[in-house]
Amino acid sequence: MYEVFGGGSETTATDIEWAMVELMRNPRIMKKAQVEIRRSLKGKKEVDEKEIKQLNFLHAIVHKTLRLRPLRPLLIRESREQCEINGYELPNKTRVLINVWAVGRDPNCWTNADCFKPERFLGSSITYTSTNFEYIPFGASKRMCLGISYAIATIEIVLAQLLYHFDWELPSGMKVKELNMTETYRVSARRRDDFYSIATPAQQE
Ligand code: HEM
(Lines give C-alpha, C1' and ligand atoms only; values in the text may rest on other atoms or scores of the structure.)
Protein backbone atom coordinates (compact mmCIF):
# COMPACT_ATOMS: atom_id res chain seq x y z
CA MET A 1 0.00 0.00 0.00
CA TYR A 2 2.90 2.32 0.80
CA GLU A 3 4.39 1.72 -2.67
CA VAL A 4 1.08 2.46 -4.37
CA PHE A 5 0.18 5.60 -2.43
CA GLY A 6 3.69 6.90 -1.75
CA GLY A 7 5.19 5.78 -5.05
CA GLY A 8 2.04 6.36 -7.03
CA SER A 9 1.03 9.92 -6.12
CA GLU A 10 3.73 11.75 -4.15
CA THR A 11 6.29 11.05 -6.89
CA THR A 12 4.26 12.47 -9.76
CA ALA A 13 3.12 15.51 -7.74
CA THR A 14 6.71 16.24 -6.71
CA ASP A 15 7.99 15.91 -10.25
CA ILE A 16 5.33 18.30 -11.58
CA GLU A 17 6.43 20.84 -8.98
CA TRP A 18 10.11 20.40 -9.97
CA ALA A 19 9.23 20.86 -13.63
CA MET A 20 7.26 24.06 -12.92
CA VAL A 21 10.09 25.48 -10.81
CA GLU A 22 12.65 24.73 -13.53
CA LEU A 23 10.39 26.35 -16.12
CA MET A 24 10.02 29.46 -13.95
CA ARG A 25 13.81 29.60 -13.74
CA ASN A 26 14.08 29.24 -17.53
CA PRO A 27 11.49 31.56 -19.13
CA ARG A 28 12.79 30.82 -22.67
CA ILE A 29 11.98 27.15 -22.20
CA MET A 30 8.61 27.91 -20.58
CA LYS A 31 7.68 30.08 -23.58
CA LYS A 32 8.84 27.47 -26.10
CA ALA A 33 6.76 24.78 -24.36
CA GLN A 34 3.69 27.02 -24.28
CA VAL A 35 4.06 27.85 -27.98
CA GLU A 36 4.31 24.12 -28.82
CA ILE A 37 1.25 23.23 -26.75
CA ARG A 38 -0.88 26.18 -27.82
CA ARG A 39 -0.08 25.65 -31.52
CA SER A 40 -0.80 21.97 -31.29
CA LEU A 41 -4.11 22.41 -29.45
CA LYS A 42 -5.25 25.38 -31.54
CA GLY A 43 -7.79 26.85 -29.13
CA LYS A 44 -9.34 23.56 -27.93
CA LYS A 45 -10.99 23.65 -24.50
CA GLU A 46 -9.44 20.44 -23.16
CA VAL A 47 -6.05 18.81 -23.43
CA ASP A 48 -6.35 15.12 -24.25
CA GLU A 49 -3.91 12.25 -24.59
CA LYS A 50 -3.94 12.28 -28.42
CA GLU A 51 -2.37 15.73 -28.52
CA ILE A 52 0.11 14.94 -25.77
CA LYS A 53 1.78 12.33 -28.01
CA GLN A 54 2.84 15.03 -30.49
CA LEU A 55 4.35 17.35 -27.87
CA ASN A 56 8.02 16.46 -28.30
CA PHE A 57 9.34 19.47 -26.42
CA LEU A 58 7.10 18.69 -23.45
CA HIS A 59 8.41 15.08 -23.44
CA ALA A 60 11.95 16.49 -23.44
CA ILE A 61 11.14 18.76 -20.47
CA VAL A 62 9.89 15.78 -18.45
CA HIS A 63 13.02 13.75 -19.35
CA LYS A 64 15.19 16.67 -18.42
CA THR A 65 13.51 17.36 -15.08
CA LEU A 66 13.96 13.73 -14.03
CA ARG A 67 17.66 13.85 -15.00
CA LEU A 68 18.43 16.84 -12.79
CA ARG A 69 15.86 16.13 -10.08
CA PRO A 70 15.58 12.37 -9.63
CA LEU A 71 12.93 11.58 -7.04
CA ARG A 72 14.81 8.52 -5.78
CA PRO A 73 18.38 9.83 -5.74
CA LEU A 74 19.82 6.63 -4.25
CA LEU A 75 19.00 3.08 -5.31
CA ILE A 76 19.98 0.15 -3.15
CA ARG A 77 21.20 -3.21 -4.41
CA GLU A 78 22.92 -6.20 -2.83
CA SER A 79 25.49 -8.33 -4.62
CA ARG A 80 24.48 -11.98 -5.05
CA GLU A 81 28.03 -13.19 -5.55
CA GLN A 82 31.58 -11.95 -5.18
CA CYS A 83 32.45 -9.58 -8.03
CA GLU A 84 34.73 -6.72 -9.07
CA ILE A 85 33.60 -3.25 -10.16
CA ASN A 86 36.13 -0.68 -11.35
CA GLY A 87 38.92 -2.47 -9.49
CA TYR A 88 36.97 -2.72 -6.24
CA GLU A 89 36.35 -6.21 -4.96
CA LEU A 90 32.84 -6.74 -3.58
CA PRO A 91 32.22 -9.73 -1.34
CA ASN A 92 28.92 -11.60 -1.64
CA LYS A 93 25.95 -9.77 -0.04
CA THR A 94 27.59 -6.32 -0.21
CA ARG A 95 25.06 -3.51 -0.09
CA VAL A 96 25.64 -1.06 -2.95
CA LEU A 97 24.18 2.45 -3.20
CA ILE A 98 23.74 3.74 -6.75
CA ASN A 99 23.83 7.52 -6.81
CA VAL A 100 21.24 8.38 -9.47
CA TRP A 101 21.60 12.10 -8.73
CA ALA A 102 25.35 12.05 -9.46
CA VAL A 103 24.92 9.82 -12.53
CA GLY A 104 22.47 12.32 -14.05
CA ARG A 105 24.97 15.16 -13.58
CA ASP A 106 28.13 13.29 -14.51
CA PRO A 107 30.20 15.61 -16.77
CA ASN A 108 31.68 12.51 -18.47
CA CYS A 109 28.20 11.68 -19.78
CA TRP A 110 26.55 15.09 -20.14
CA THR A 111 27.90 18.35 -21.55
CA ASN A 112 27.02 21.33 -19.33
CA ALA A 113 25.63 18.72 -16.96
CA ASP A 114 23.95 21.14 -14.54
CA CYS A 115 22.20 23.10 -17.26
CA PHE A 116 18.42 22.70 -17.83
CA LYS A 117 18.34 22.28 -21.61
CA PRO A 118 15.54 19.96 -22.76
CA GLU A 119 16.69 20.24 -26.40
CA ARG A 120 19.42 17.68 -25.66
CA PHE A 121 16.71 14.99 -25.42
CA LEU A 122 15.08 15.85 -28.78
CA GLY A 123 15.86 13.02 -31.21
CA SER A 124 17.94 11.25 -28.57
CA SER A 125 17.65 7.49 -28.04
CA ILE A 126 18.05 7.96 -24.28
CA THR A 127 14.77 7.25 -22.56
CA TYR A 128 13.37 5.89 -19.30
CA THR A 129 13.57 2.22 -20.18
CA SER A 130 16.63 2.25 -22.42
CA THR A 131 19.81 0.64 -21.20
CA ASN A 132 21.67 3.96 -21.25
CA PHE A 133 22.81 3.83 -17.68
CA GLU A 134 23.69 7.54 -17.58
CA TYR A 135 19.94 8.12 -17.23
CA ILE A 136 18.17 5.97 -14.62
CA PRO A 137 15.48 8.06 -12.86
CA PHE A 138 13.20 4.98 -12.75
CA GLY A 139 15.99 2.60 -11.83
CA ALA A 140 17.10 -0.27 -14.03
CA SER A 141 16.87 -4.04 -14.30
CA LYS A 142 13.99 -6.17 -13.10
CA ARG A 143 13.36 -4.02 -9.98
CA MET A 144 12.88 -0.83 -11.96
CA CYS A 145 9.75 1.26 -11.41
CA LEU A 146 6.50 -0.51 -12.31
CA GLY A 147 4.60 2.74 -12.77
CA ILE A 148 6.62 4.44 -15.53
CA SER A 149 3.88 4.69 -18.17
CA TYR A 150 1.29 5.80 -15.64
CA ALA A 151 3.70 8.32 -14.07
CA ILE A 152 4.73 9.90 -17.37
CA ALA A 153 1.15 10.06 -18.66
CA THR A 154 0.04 11.78 -15.45
CA ILE A 155 2.93 14.25 -15.35
CA GLU A 156 2.60 15.19 -19.02
CA ILE A 157 -1.14 15.74 -18.99
CA VAL A 158 -1.00 17.91 -15.86
CA LEU A 159 1.95 19.96 -17.15
CA ALA A 160 0.30 20.38 -20.54
CA GLN A 161 -2.86 21.71 -18.88
CA LEU A 162 -0.94 24.11 -16.65
CA LEU A 163 1.06 25.48 -19.58
CA TYR A 164 -1.84 25.55 -22.02
CA HIS A 165 -4.41 27.30 -19.87
CA PHE A 166 -2.24 29.67 -17.81
CA ASP A 167 0.66 32.10 -17.89
CA TRP A 168 2.82 32.02 -14.78
CA GLU A 169 4.75 34.50 -12.69
CA LEU A 170 6.41 34.54 -9.30
CA PRO A 171 4.49 36.29 -6.49
CA SER A 172 5.17 39.79 -5.11
CA GLY A 173 7.82 40.73 -7.64
CA MET A 174 10.03 37.86 -6.51
CA LYS A 175 13.10 37.32 -8.70
CA VAL A 176 13.97 33.92 -10.17
CA LYS A 177 17.33 33.93 -8.42
CA GLU A 178 15.51 34.23 -5.08
CA LEU A 179 13.98 30.77 -5.53
CA ASN A 180 15.60 28.55 -2.93
CA MET A 181 16.46 25.23 -4.58
CA THR A 182 17.46 23.40 -1.39
CA GLU A 183 16.29 19.79 -1.53
CA THR A 184 14.94 17.58 1.22
CA TYR A 185 13.88 13.94 1.31
CA ARG A 186 10.47 12.67 2.37
CA VAL A 187 8.86 9.95 0.25
CA SER A 188 10.76 11.48 -2.67
CA ALA A 189 13.48 14.08 -3.09
CA ARG A 190 11.64 17.38 -3.20
CA ARG A 191 12.14 21.10 -2.67
CA ARG A 192 12.43 22.00 0.98
CA ASP A 193 10.33 25.16 0.51
CA ASP A 194 6.81 25.22 -0.88
CA PHE A 195 6.58 26.69 -4.35
CA TYR A 196 4.17 29.55 -5.01
CA SER A 197 3.35 30.93 -8.42
CA ILE A 198 0.58 33.15 -9.80
CA ALA A 199 -1.53 31.76 -12.61
CA THR A 200 -3.22 34.10 -15.09
CA PRO A 201 -5.66 32.55 -17.59
CA ALA A 202 -3.98 32.61 -20.99
CA GLN A 203 -5.48 34.45 -23.96
CA GLN A 204 -6.00 31.68 -26.53
CA GLU A 205 -5.78 32.66 -30.22
C1 HEM B 1 8.00 10.32 -11.69
C2 HEM B 1 7.47 9.36 -10.98
C3 HEM B 1 8.20 8.16 -10.47
C4 HEM B 1 9.55 7.95 -10.33
C5 HEM B 1 10.71 8.91 -10.65
C6 HEM B 1 9.72 6.61 -9.81
C7 HEM B 1 10.94 6.03 -9.54
C8 HEM B 1 11.10 4.76 -9.01
C9 HEM B 1 12.36 4.17 -8.70
C10 HEM B 1 13.73 4.84 -8.89
C11 HEM B 1 12.14 2.93 -8.22
C12 HEM B 1 13.20 1.93 -7.74
C13 HEM B 1 13.74 1.20 -8.96
C14 HEM B 1 14.95 0.36 -8.70
O15 HEM B 1 15.26 0.03 -7.54
O16 HEM B 1 15.65 0.04 -9.71
C17 HEM B 1 10.70 2.73 -8.23
C18 HEM B 1 10.08 1.57 -7.81
C19 HEM B 1 8.71 1.37 -7.87
N20 HEM B 1 7.77 2.25 -8.36
FE21 HEM B 1 8.12 4.10 -9.06
N22 HEM B 1 8.49 6.04 -9.65
C23 HEM B 1 7.53 6.94 -10.06
C24 HEM B 1 6.17 6.75 -10.08
C25 HEM B 1 5.53 5.57 -9.76
C26 HEM B 1 4.10 5.33 -9.88
C27 HEM B 1 3.11 6.37 -10.42
C28 HEM B 1 3.86 4.07 -9.44
C29 HEM B 1 2.57 3.27 -9.34
C30 HEM B 1 1.43 3.66 -9.81
C31 HEM B 1 5.14 3.50 -9.05
C32 HEM B 1 5.31 2.22 -8.57
C33 HEM B 1 6.53 1.66 -8.22
C34 HEM B 1 6.68 0.33 -7.65
C35 HEM B 1 5.57 -0.66 -7.33
C36 HEM B 1 8.06 0.14 -7.44
C37 HEM B 1 8.76 -1.09 -6.84
C38 HEM B 1 9.23 -2.02 -7.97
C39 HEM B 1 9.95 -3.26 -7.41
O40 HEM B 1 10.52 -3.19 -6.33
O41 HEM B 1 9.97 -4.29 -8.11
N42 HEM B 1 6.12 4.42 -9.26
N43 HEM B 1 10.08 3.86 -8.73
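## Order of elements and overall dimensions

From the N terminus on, the elements of the protein chain follow the order α-α-α-α-β-β-β-β-α-α-β-β-β-β, which comes to six helices and eight strands; helices (H or I, at least four residues) and strands (E, at least two) are DSSP runs, numbered from the N terminus. The model is a predicted one, in which local features need pLDDT of at least 70 and side-chain atom pairs count only at pLDDT 80 or more, while totals for chains, interfaces and linings use all residues. Residues are numbered from 1 along each chain as its sequence is written, and side-chain values use heavy atoms, with hydrogens and water left out.

The C-alpha trace of the protein chain spans about 65 × 40 × 35 Å along its principal axes. Its radius of gyration is 18 Å, which agrees with the value near 17 Å that a compact globule of 205 residues would have; the radius is taken over C-alpha atoms, and the globule rule is 2.2 Å times the number of residues to the power 0.38.

The iron atom of the ligand has a single donor from the protein, the SG atom of C145, 2.3 Å away, where donors are N, O and S atoms within 2.8 Å of the metal (3.2 Å for Na, K and Ca) and sites may look incomplete, as water is not among the atoms. C145 lies in the loop between α5 (100-104) and α6 (148-165).

## Ligand shell and polar contacts

The ligand is surrounded by 21 residues, the closest being G7, R77, F138, R143 and C145, with a residue counted if one of its heavy atoms lies within 4 Å. Within this shell, α1 gives the most, with four residues.

Oxygen atoms of the ligand lie 2.5 Å from an N or O atom in the side chain of R77 and 2.6 Å from one in the side chain of R143, whereas a polar backbone atom of A140 is 3.4 Å from a ligand oxygen.

Note on methods: Polar contact = N/O pair within 3.5 Å; in protein donor to acceptor, adjacent residues only side chain to side chain.
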